[in-house]
Amino acid sequence: MNRSDPWSGGPAEGAVWFDPPPRAAKVPGPPPSPARPPVALSVDGREVRVPAGATVLDACRVAGVETPTLCFHETLTPVNACRVCVVEVAGARTLVPACSRQAEAGMQVKTDTPRVRCSRKVVLELLASSVDLRIAPGMAETMARYGASPGRFGPPAPDAADRDAREAGHHHAPDGAAAETVAQPVKADNDCYVRDYSKCVLCYRCVEACGTDAQNTFAIAVAGRGFDARISTEWARPLTDSACVYCGNCVAVCPTGALMGKTEHDLRAAGAWDPERQTCTDTICPYCGVGCSLSLTVQDGRIVRAASPVGADITRGNLCIKGRFGWGHVQPGPRAGDAP
Amino acid sequence: MDLRLTGPPPSEVERAAVDGALATGGTGRDQLLPALHALQDRVGFVSEGGLRHVCERLRVPPAEAYGVASFYHLLALAPRPRTVVHVCDDLVCRAHGAEAAVAAVERACAGGPATVARSPCLGLCERAPAALILAAGASPCAEPVGAADARAVADAAARADSAAEAAPSRRARRLAKEKPGARLERVRRAAPQAGTPGLRLLARVGRVDPESVADWKASGGGEGLRKALALGPAGVVREVIASGLVGRGGAAFPAGKKWEAVAAAPAPRHLILNADESEPGTFKDRVLMEEDPFALLEGMTIAAYAAGCGRGYVYVRGEYPLARLRMERAAAAARKEGLLGPDVLGSGFSFEVEVRRGGGAYICGEETALMNSIEGKRGEPRQKPPFPTQAGLFGRPTVINNVETLAAVPWIVRDGGAAWARIGTKGSSGAKLFSVAGHVARPGVYEVEFGATLRQLLALAGGVPAGRSLRAVLLGGAAGSFVGPGDLDLPLTFEGTRAAGVGLGSGAVIVFDDSADLGDLLARVARFFRDESCGQCVPCRVGTVRQEEALARLRAGRPLGGREAEVALVRELGQAMHDASICGLGQTASSALESALSRLGAFSGGTP
Amino acid sequence: MILLWGSNARETHPIFFHHVLKGIRAGARCYVVDPRRTGTADFAHGHAALDVGTDIALANAMGREILAAGLWHRDFVGRATEGLDEYRAGVEPCTLEWAEAETKVPAALIREMAHAYARAERAMICWTLGITEHHNAVDNVLALINLALLTGHVGRWGSGLNPLRGQNNVQGGGDMGAIPDRLPGFQHVENARLRGAFEAAWGMKLPPKRGKHLSAMFHAMEEGELTALYCIGENPLASEADQTRARRLLEGLEWFVAQDLTLTKTAALADVVLPAAASWCEGEGTVTNSERRVQRVRKAVEPPAGAREDLAILFEIARRLGHDWGAPSAERVWDEVRRLSPVHAGMSYARLDAAGGLHWPCWDETHPGEAFLHSRLWEDPVRGPRAGFHPVVHDPPVERLDADYPMRLTTGRRLDEFNTGVQTSGYRSPLRRSETLDIHPDDAARLGLSDGERVRVRSRRGCVEVPVRLDPRLRPGLTFMTMHFPDDVATNLLTIDATDPKSGTAEFKAAAVRLERIEA
């Protein structure tokens with residue numbers, strides 16, 4: 001190494017190096033994959049064709065049949081746990097979940113039979129009678145569409161503080177005077193996001209996002225059994241004693257607002273959350289070089305939420321702690337390092 | 001995976017218990033439940049430090065391990081006395097005064113070393129009211145007892161408590177050293193026909209030493225396997241299809257077809273003996289495992305040979321300590337004899353068998369939940385398709401058969417499928433075991449040829465006690481249906497029950513006389529499903545709660561919006577649970593209640 | 001097969017790592033080369049915990065093994081490359097046993113990695129600062145490129161080489177000419193034809209020789225040759241190696257202008273501070289990520305009073321200097337880029353908005369952009385120059401360990417923090433823990449240090465006090481610090497400014513230090 005004049009002039013490469021290489025003869029892309037023939041089936045009597053590997057839900061969408069879903073999320077493996085999307089398939093003994101069942105050639109799917117309507121209605125009632133769905137997007141409309149009236153099961157029971165300690169196989173016998181719920185105190189144990197499991201429908205989305213479908217951190221899992229099943233860290237420890245890395249990818253997929261950024265949670269708690277005063281702008285995360293899309297929700301000149309569009313192929317809706325929560329430096333007010 | 005472990009470290013005892021359990025099984029995720037059992041057996045509960053050590057050894061995220069541990073009711077997650085008396089308060093035991101027994105045992109154990117917990121059916125129905133004493137320690141004890149004599153239970157618990165503390169011993173061998181006469185006596189309590197000639201499934205029960213390969217061989221054991229190896233896999237499948245043998249777990253799927261499908265799927269393939277017999281009132285599989293374990297291994301080996309499975313698992317419910325012990329010993333002995341292992345009887349066929357223990361979860365009797373349980377996951381059923389024949393245990397094609405199903409296989413292969421098909425009826429071939437319990441003179445496991453009526457079966461069991469009249473029979477256990485005194489001529493066949501709108505289910509036949517409190521029984525069933533729902537799908541998770549609440553209102557005479565409205569609500573709920581639940585548990589959780597409403601006129605006015 | 005070399009992507013590129021994990025779950029093999037047992041390494045099939053700064057030894061040994069085992073891609077090498085013989089000769093001494101001794105990576109693992117890489121149907125090498133923050137950064141990169149050329153893992157779908165960029169627009173900055181020898185579009189300033197297009201467009205002559213990179217500028221300050229500095233969005237006082245020297249040189253400037261979001265340590269030294277808007281959410285423009293994808297940033301919030309967009313500041317300065325460029329418009333500037341940079345020509349704002357981003361090269365408005373480069377190497381015959389092997393030799397870190405400074409200090413980053421903390425100090429991270437010196441428990445025991453104890457860390461350039469943190473995932477003899485908390489612990493007082501002559505990057509990854517107990 002020549003320390004006296006290390007940087008004058010360039011290496012001895014010739015002009016060829018300085019000329020851009022020629023253009024590729026054709027646009028480089030993935031190798032062609034063998035095409036599988038599409039699958040033809042009928043939905044409510046209408047013939048539709050979907051690509052091989054598509055689900056019944058896909059087929060319903062192709063047929064223009066609106067199918068309610070709750071636990072289904074396009075970036076996550078279907079767990080078919082909520083059963084809101086069940087349909088009738090000719091020859092099947094029970095109803096089948098549209099979100100996970102693969103479409104098969106010749107399948108006859110019916111989505112508007114009395115059985116389907118009954119199941120969807122009851123399932124919605126069971127959900128709404130046990131879980132706080134007031135801020136779950138789209139739920140009120142779906143409930144109305146199916147004529148669900150959760151009050152049929154009696155008045156809701158109050159908060160229970162012991163849900164994290166319940167043991168499998170044991171519960172207090174009910175007297176039926178009130179409908180048991182998952183109402184419980186809010187878990188606010190960190191500055192990034194809040195867990196309000198009174199709003200949890202146990203859709204497994206957060207567990208999947210924390211697990212193999214995205215983050216692979218496995219900070220949360222379903223614990224307990226039956227109605228006492230719950231999303232939990234080990235020993236229901238606070239997140240700060242768990243493996244959580246605050247990517248908030250669980251928050252991003254939560255369908256009911258049970259998981260929510262702290263900023264949004266605090267604004268809602270103060271009655272100051274106002275979608276009417278909000279704008280949403282897409283930009284790129286300011287941190288590393290991956291180029292994650294950010295959708296910034298802004299209210300009154302302040303960022304109140306950062307998310308990533310599900311359709312962004314870099315993120316598929318996922319972010320890390322910095323992207324999702326690391327925007328404090330541009331909030332109004334004195335900036336860190338500002339001169340006093 | 002970048003594990004993060006927090007919390008206290010394990011104690012030395014916990015560390016040793018886990019390391020000991022993992023010394024043989026490896027460190028795959030499927031060792032999670034065995035490792036948790038090791039902690040439970042050693043210290044009586046799973047502590048934070050113990051779980052942490054398991055996670056570290058198996059590289060399992062602690063939240064997931066906690067999710068698994070908290071799924072099983074035989075695993076405690078908080079300190080408690082190391083000895084627990086699990087007293088059954090389920091349907092059969094209720095018919096025999098379970099509530100009083102629980103109270104009495106609690107009183108008798110007060111001040112002693114043991115604590116008392118209520119339990120769903122322990123499968124000890126011939127001894128109802130029954131209890132299972134589990135004592136953790138260096139020599140963990142598991143002792144099934146009758147619970148009628150509370151003082152005796154407390155004494156047994158105290159003995160178990162001190163024995164568990166002692167250094168490991170060969171105490172468990174004691175049972176095997178019974179005199180043949182005493183054995184027959186004891187076995188006859190569980191299987192009153194024991195020793196009667198002409199039995200096929202129970203042929204050896206009570207007659208041979210279940211721990212002796214020689215006895216088993218001397219009674220024709222292994223003939224089916226030898227024949228099978230001569231027939232070749234396809235020949236075995238042919239015979240079993242010809243026999244018309246269908247699964248005895250409840251779904252009644254043709255066994256040979258299942259094997260054929262797996263044989264056609266890519267290797268490696270697995271085989272599971274579903275011995276998680278948890279349906280209340282059912283104990284036939286327990287008797288088979290306890291008294292004829294070699295026959296089950298023979299059935300497994302034949303099935304594995306036919307379907308091309310290299311590895312077999314026996315998944316025994318956690319409440320069956322003796323059955324598990326017998327299966328483990330039989331597997332070890334069979335391996336020594338070359339009946340299992342890399343070269344079964346010199347045929348070149350390789351088949352290894354492992355015995356796994358359930359953790360206390362009815363749902364793990366559901367085949368895909370059972371697979372998840374073996375894999376070290378929560379015992380949550382999987383949506384089908386894909387079926388286990390395509391993607392089962394560890395994602396591989398898997399044969400899973402009930403104990404009774406494979407118990408029939410050696411006979412079928414030895415005597416030919418046609419011979420089996422000639423027994424029974426056109427739609428239901430062969431012999432069948434029924435667990436008859438409740439208000440009958442001689443409860444127990446009975447073998448009959450298909451075609452026998454409910455009346456004939458009850459007669460075999462001695463009928464309802466003198467001076468009482470029959471109120472109802474619950475066919476198929478908690479997931480089954482009630483029939484009434486007018487249904488006694490119901491043929492106990494698949495086609496006969498189907499025509500009547502009920503099902504055979506697990507073959508449980510629980511008899512109630514007019515002293516039974518039907519409302520109380522229905523409440524117990526509702527409580528059972530609320531407790532045993534895995535919690536995965538909404539119709540079952542919440543539906544079982546709502547069903548129990550509605551039933552409580554009906555029983556209390558405080559129905560919402562009037563009795564008819566409440567009954568309509570229950571029926572609508574039942575319909576949705578049946579139609580929309582993922583698995584058989586939710587699909588049948590309303591069955592008993594609905595049948596009581598329809599067939600027994602429950603809540604039709606006055607008292608249920 | 002994915003080879004992550006000198007990269008803790010699990011923490012530093014978390015969303016990229018999601019894709020790696022998807023690959024692993026889909027059956028890809030993954031190997032991680034890193035002196036530390038990182039979270040990234042925890043997911044890998046193999047972890048080569050090499051001694052800091054022995055990357056070339058490892059890569060050359062892999063190359064030698066691939067040649068010796070006959071696993072090299074004869075067809076590709078013969079058709080599309082040149083210089084194999086020199087390369088073969090260069091790596092000939094690099095036996096597995098030699099490499100094990102040099103790198104401390106078991107020979108069997110080196111062999112396994114070599115075979116896995118060479119046999120893979122598709123294989124990626126991705127690297128980060130573990131490769132480039134060395135005195136021989138470019139040689140390190142060349143050593144990896146040699147492996148890709150040898151096996152044909154370049155220019156094909158699923159195969160290639162990718163430096164994972166540390167900031168959201170490192171790639172874009174370089175693409176736009178913010179490197180000493182390039183004009184926008186990566187066009188070499190010393191190529192008269194390319195330069196001429198700019199001169200024609202701008203109506204002026206451009207300097208025909210390359211300029212100085214950051215390290216060269218500091219060198220020029222030292223020489224008294226550079227006396228005025230305009231620093232935009234960079235915090236060199238905190239981020240440069242050998243902070244004492246950096247401070248001395250910045251303080252010695254005759255005139256210093258800083259333009260930044262906040263009054264950084266660097267800005268505090270400036271004669272003039274121009275408050276800037278945050279380009280990613282307070283203004284319009286584009287950034288380019290590690291895969292050459294150009295994406296739009298947009299204005300979501302107003303900058304604080306007095307702060308202006310970088311573009312507006314530059315336009316205003318131009319105006320004051322007598323050049324009215326009109327109203328500042330990011331799109332108008334971008335359209336000029338598109339006129340002058342052929343690889344960006346097809347990327348109108350409308351297309352970028354619609355597609356959510358496009359990869360360069362994107363030659364015209366009908367061109368979809370190219371997901372990977374160098375596919376021409378697979379054309380038959382190859383058009384343009386062949387790709388050359390560049391034999392490189394192992395050269396350990398400048399600062400050797402000795403009796404006075406017996407421990408190796410390497411630096412890196414944490415998931416929730418970013419560089420010198422200018423941005424991340426603005427949010428409350430639950431993961432945040434203050435600076436520590438991470439040290440293997442064996443070393444701590446040897447030195448009588450306990451977890452959490454404050455210790456004095458001294459290098460030939462400076463000294464800091466910091467609590468120790470025991471970390472069994474380090475190799476003995478290796479210590480680790482970040483540079484996230486320069487206000488509390490100025491890690492760069494310790495680091496060495498030994499700099500790669502080709503890239504100008506300092507050897508942040510390898511300083512020699514000693515640990516001194518602070519007597520109570």
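The side chains of C:R428 and A:D191 meet in a salt bridge, with 3.0 Å from N to O. The model that shows this pair is a predicted one. Side chains of opposite charge can pair when their charged atoms come close. Between chain C and chain A the count is three salt bridges, and 24 residue pairs are in polar contact across that interface, both residues having pLDDT 80 or more. On the side of chain C that touches chain A, the elements that each supply at least two residues are α1 (9–12), α2 (14–25), α12 (192–202), α13 (214–223) and β13 (293–297) of chain C. The most comes from α2(C), with eight residues. Sorted by class, this side of chain C has 32 nonpolar, 26 polar and 25 charged residues.

The extent of the contact can be given in residues and in area. Chain C brings 83 residues to it and chain A brings 76 residues. Chain C and chain A bury about 6,300 Å² between them, and 62% of this is given by carbon and sulfur atoms.

Chain A also touches chain B. Here 61 residues of chain B and 65 residues of chain A take part. The area buried between chain B and chain A is about 5,200 Å², with 54% of it on carbon and sulfur atoms. On the chain B side, B:Y66, B:R530 and B:R546 lose the most area to chain A, and together they account for 13% of what that side buries.

How many salt bridges cross the interface of chain B and chain A? The rule finds seven. One salt bridge joins the side chains of A:R152 and B:E572, at 3.1 Å from N to O. Polar contacts between chain B and chain A come to 33 residue pairs, with both residues at pLDDT 80 or more. The part of chain B that touches chain A draws at least two residues from each of α3 (48–58), α4 (62–69), α21 (518–532), α22 (538–556) and α23 (563–580) of chain B. The largest share, eleven residues, comes from α22(B). By class, the residues on this side of chain B divide into 26 nonpolar, 16 polar and 19 charged.

In chain B, the side chains of B:E99 and B:R94 meet in a salt bridge at 3.1 Å, N to O. B:E99 is partly exposed, at 35% relative accessibility, whereas B:R94 is buried, at 16%. Both B:E99 and B:R94 belong to a network of salt bridges that also links B:D89, B:D90, B:R118, B:D520, B:R524 and B:R527.

Another pair in chain B is B:D489 with B:R455, at 2.9 Å from N to O. This pair links distant parts of the chain, 34 residues apart: B:D489 is in the loop between β12 (481–483) and α20 (494–499), and B:R455 is in helix α19 (residues 454–460). In chain C, C:R245 forms a salt bridge with C:D497, with the closest N and O atoms 2.9 Å apart. C:R245 lies in helix α15 (residues 243–251) and C:D497 in the loop between β20 (478–482) and β21 (511–517), so the pair ties together parts of chain C that are 252 residues apart in sequence. C:R245 and C:D497 are both buried.

Burial can also be followed along a helix. In chain B, eight of the eight residues of helix α13 (residues 284–291) are buried. In helix α11 (residues 233–243) of chain B, the buried residues include B:G235, B:V236, B:V237, B:V240 and B:S243. Their cover includes α10 (223–231), α12 (255–264), α14 (293–307), α17 (403–415) and α18 (417–422) of chain B. After α11(B) comes B:G244, whose phi is positive, near 75°.

A loop of chain B, between β9 (431–438) and β10 (444–449), holds B:H439. B:H439 is buried, with a relative accessible area of 8%. A polar atom of the B:H439 side chain lies 2.9 Å from the backbone nitrogen of B:D513. Beyond its neighbours within four places in sequence, B:H439 is in contact with residues including B:A95, B:G463, B:F512 and B:D513.

Finally, the cysteines. The structure holds zero disulfides over all chains. A:C206 is buried, at 8% relative accessibility, and A:C210 is buried at 10%.

Definitions and conventions. Residues are numbered from 1 along each chain as its sequence is written. Chains are lettered from A and ligands numbered from 1 in the order in which they are written. This is a predicted model: local features need pLDDT of at least 70, side-chain atom pairs count only at pLDDT 80 or more; totals for chains, interfaces and linings use all residues. Side-chain values use heavy atoms; hydrogens and water are left out. Contact means heavy atoms within 4.5 Å. Buried area is the accessible area (1.4 Å probe) that two parts lose on being put together, summed over both. A salt bridge is a side-chain nitrogen of Lys or Arg within 4 Å of a carboxyl oxygen of Asp or Glu. A polar contact is a pair of N or O atoms within 3.5 Å; within protein, one must be able to donate a hydrogen and the other to accept it, and residues adjacent in sequence count only if both atoms are side-chain atoms. Helices (H or I, at least four residues) and strands (E, at least two) are DSSP runs, numbered from the N terminus. Ala, Val, Leu, Ile, Met, Phe, Trp, Tyr, Cys and Pro count as nonpolar, Asp, Glu, Lys and Arg as charged, and the others, Gly among them, as polar. A disulfide is a pair of cysteine sulfur atoms within 2.5 Å. Buried means under 20% relative accessible area, exposed over 50%, partly exposed in between (1.4 Å probe, protein chains only).
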